[in-house]
Every structure is written in structure tokens, then in C-alpha cells.
Amino acid sequence: MIAPHGGVLIDRTATGEQREELRAEAPFLQHLEISVREACDLELIGNGAFSPLTGFLGQADYERVAAEARLADGTVWPLPVTLAVSEEEGPRALAAGRVALAFEGTLLAVMEVAEAYPYDREREASLVFGTTEEAHPGVAALYAQPPVFLGGDVMLVGSVLHAEEPTALTPAQTRAEFERRGWKTVTGFQTRNPIHRAHEYLLKSALEVSDGLLVHPLVGHTKIDDIPASVRMKCYRVLLDNYFPAGRVLLSPWPAAMRYAGPREALFHALVRKNYGCTHFIVGRDHAGVGDYYGTFAAQEIFGEFSAEEIGITLLMFEHAFWCNVCDEMATAKTCPHGPEAHLSLSGTKVRALLASGVRPPERYTRREIGDVLVDWALESSI
């Protein structure tokens, strides 16, 4: 099986006696209330999805990640995974040495605080997101953070995230399942949108070159106007149950927060899927992008900045897929000779407008069963 990023699958989740000891200690520690993004990150540090990280980044790692997409030791790591606190909380936490981390009042972890350091929000925005505009949702979230980062190892003792989707598998569990199924090659697929025919085309193309698929939809924190995770998961299940061979696809929600960092996040998504045991990863057009901040294929081009050995996972690079009315099938620019006037292309805004009117998106855009799920949700929620 493919090695985890950095060579070792990290496990920072306390169990048994250790978990009980940490929970007993927590009431006597300084408590820090963390954001939903930090809670998502904490869970994924704890279960090894963010291997080789063992906690939130210290200053040396943070500075090099922001500037060069590498940890201080040179390991490729494209996104800062940080814990932000106020100017008052930072020195207190550092002096205490150990703090309890909570989300909405629920204890999640105990942290060994090794560092407290200031950071430059605009510098991080420019380096990581490629823009300092607050209209970018990732930049807006960054600007809203407190001004001091805490660095140090964590030990997870609980989770309150994603109660609606409790089936999220850890990297150790997906690896065990791939082994049980005898899969030698596994393609990972990242999505935060309801699945449509273009996605289906990419997935079935990937199945032609791999033993199995990990369909890994992001169900953590996203933009407020994104379709809810529970609805999206229902769409994925409907598609897989009706249009994919049984036993060749594993569906598991991924409890991560979306950053909308375009190329950097595409690289991040690939490395994390390697930790889950994927040997291949699909990177489409404008992966993890938002608005028009990134070039059409910037998310694919970033992989050329690193060696194949450093990345360690095989990339499946796809053009934009669409329905061609002349070819009468799904296609891409690589396979279809016809102009855009022959292609069915619907923006997310257009799809939402259809749903708001109670109109199912055309079947050449998405399967009828998925359209039914989306229309039902739209009518119930009165979008």
C-alpha cells in the first residue's frame, strides 16, 4: 500500500485510559474556544489525515509553508494549519504549557503549547490565496481571525462534528478497507458540490485505470450558499447505487473545512488523499477555486513545481467535461471537435435558479434521480 505523506501515518487520538486521564485533567486547564475550521483541522490532525502534522504549526513551519509550500524540514505542505487566539490568550497559553481546546463548549483536545507568535494576515493572504481581496471567502475568514498563532502538538479526546454524517472513515479505516477489497490502485475524488454528469464521466474514466474509487465529498465548513452536506451525500448515494458497479466504489464523507485556495488547496487535497491510501487523485479544471481568482488550469499546473517523488501520488488531470449535443454524449475538449454552442454548460447560479423555481436540471446535466433530490430539497428549504 502507498506510504502516507512523510512516511508515517500519525495517530493523535487518545483512547482508553489515556483519554480518561486527559478528560479528567481538562477542567483544570485554560480553555480555548476554537473556530469551526480549526475544529475540522483538529479532527484531521488527530486521525492522521494531515500526516505528518502532529499539531498546529509552529512559526518556522508556518513561515515556510506560507512562502514555499513546504514545512521547515522541506516536506511539501501547501496550506497553513494554524490555531489563532487573541493577544491576551497567547501569552497565557504559552505560560501554562497545556490548554484544553473546545468547540461550542464541548471538549475536543488537549494541546501542548510550544509557541505563541504573531503573523501578518495580508502576507499570508497574498502568498497562499494569491489575493488580498476580502471578497475572496478564504481571505475573509483569514482576516477575521485573532492576531496570534499557537503552535504545538495536540491529543484528540472527542469530536462533535458532522453528526448528520457519522460514517466518515479515518485513514486507517480506508486503508484497511482497500486491503480487504484487494484494491492495489485507488483513485480519490474530492467534491463539495452535488454530483452531476461531468463528475460521473471523470469517475468512470478513472475506474478504467484503477481497481477502485474513494468518493470523498467534503462535509466540513463551506460557504453559506453551498448546498448542505446531507443533501449532497444523498445525491452521491443515489448515483453510486444506480450507475456504478457494486464493490468498486467506497463513499465516505470527509470532515474538512474548505479554504477555496485554488492551486494550493488542490495540492493539499492530493496529499491528504495519499494518507487515506489513494494511489491516484483526480484534478479537474479550477479545482478548489472560487470566482475568477485562479487560472483555468492553475490547479493542475502547480504540481509541476514539485517532483513526482515529493508528491508521491499519481495525478489524473482532466479537461472540463460537458454534454455535447452533436456528439450526443459526455466529452471534453480533447475528444470533442464542436464549438461551445453545441455544449451544455450550466453555472451553479443557473442551477440554483432552476431549483428555486421547482425545475429539475436537465438530464444531460445531471441524472433524473439526483435532480429529484435537489428539487425536493429546494422546495423544502424555499431557496
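Me: Is Cys278 buried or exposed?

Reply: Cys278 is buried, as its relative accessible area is 0%. Buried is under 20% relative accessible area, exposed is over 50%, and partly exposed is in between, with a 1.4 Å probe and protein chains only. Keep in mind that this is a predicted model, where local features need pLDDT of at least 70, side-chain atom pairs count only at pLDDT 80 or more, and totals for chains, interfaces and linings use all residues. Residues are numbered from 1 along each chain as its sequence is written, and side-chain values use heavy atoms, with hydrogens and water left out.

Me: OK, and how many disulfides are there?

Reply: The count is 0 disulfides, where a disulfide is a pair of cysteine sulfur atoms within 2.5 Å. For Cys278, the nearest cysteine sulfur belongs to Cys40 and is 19 Å away.

Me: Switching to charges. How many salt bridges are there?

Reply: There are 16 salt bridges, each one a side-chain nitrogen of Lys or Arg within 4 Å of a carboxyl oxygen of Asp or Glu. One of them joins Arg37 and Asp41, at 2.8 Å from N to O.

Me: Where do Arg37 and Asp41 sit?

Reply: Both are in helix H2 (residues 36-46), 4 residues apart, so about one helical turn separates them. Helices (H or I, at least four residues) and strands (E, at least two) are DSSP runs numbered from the N terminus. Arg37 is buried at 14% relative accessible area, and Asp41 is buried at 1%.

Me: Which salt bridge partner does Arg98 have?

Reply: Arg98 pairs with Glu112, and their closest N and O atoms are 2.2 Å apart. This pair links distant parts of the chain, with Arg98 in strand S4 (residues 98-103) and Glu112 in strand S5 (residues 106-112), 14 residues apart. Arg98 is partly exposed at 23%, and Glu112 is partly exposed at 38%.

Me: Which residues are linked in a network of salt bridges?

Reply: Arg197, Glu200, Lys204 and Arg367 are linked that way.

Me: Now helices. At what angle do H3 and H5 pack?

Reply: Helix H3 (residues 59-68) and helix H5 (residues 121-129) pack at about 50°, and their axes are 7 Å apart. Axes are lines fitted to C-alpha atoms, for helices over the stretch in contact, and angles run from 0 to 180 degrees between N-to-C directions. H3 and H5 are therefore oblique to each other; under 35 degrees is roughly parallel, over 145 roughly antiparallel, 65 to 115 roughly perpendicular and the rest oblique.

Me: Which residues meet there?

Reply: Tyr62, Glu63, Ala66 and Ala67 from H3 meet Arg123, Glu124, Leu127 and Val128 from H5, contact being heavy atoms within 4.5 Å.

Me: Last one: where does His216 lie?

Reply: His216 is in strand S9 (residues 212-217) and is buried at 0% relative accessibility. The C-alpha atoms of His216 and Gly188 are separated by 6.8 Å, with the two residues 28 apart along the chain.

Me: And what is His216 in contact with?

Reply: Leaving aside neighbours within four places in sequence, His216 is in contact with residues including Phe189, Ser252, Trp254, Arg273 and Tyr276.
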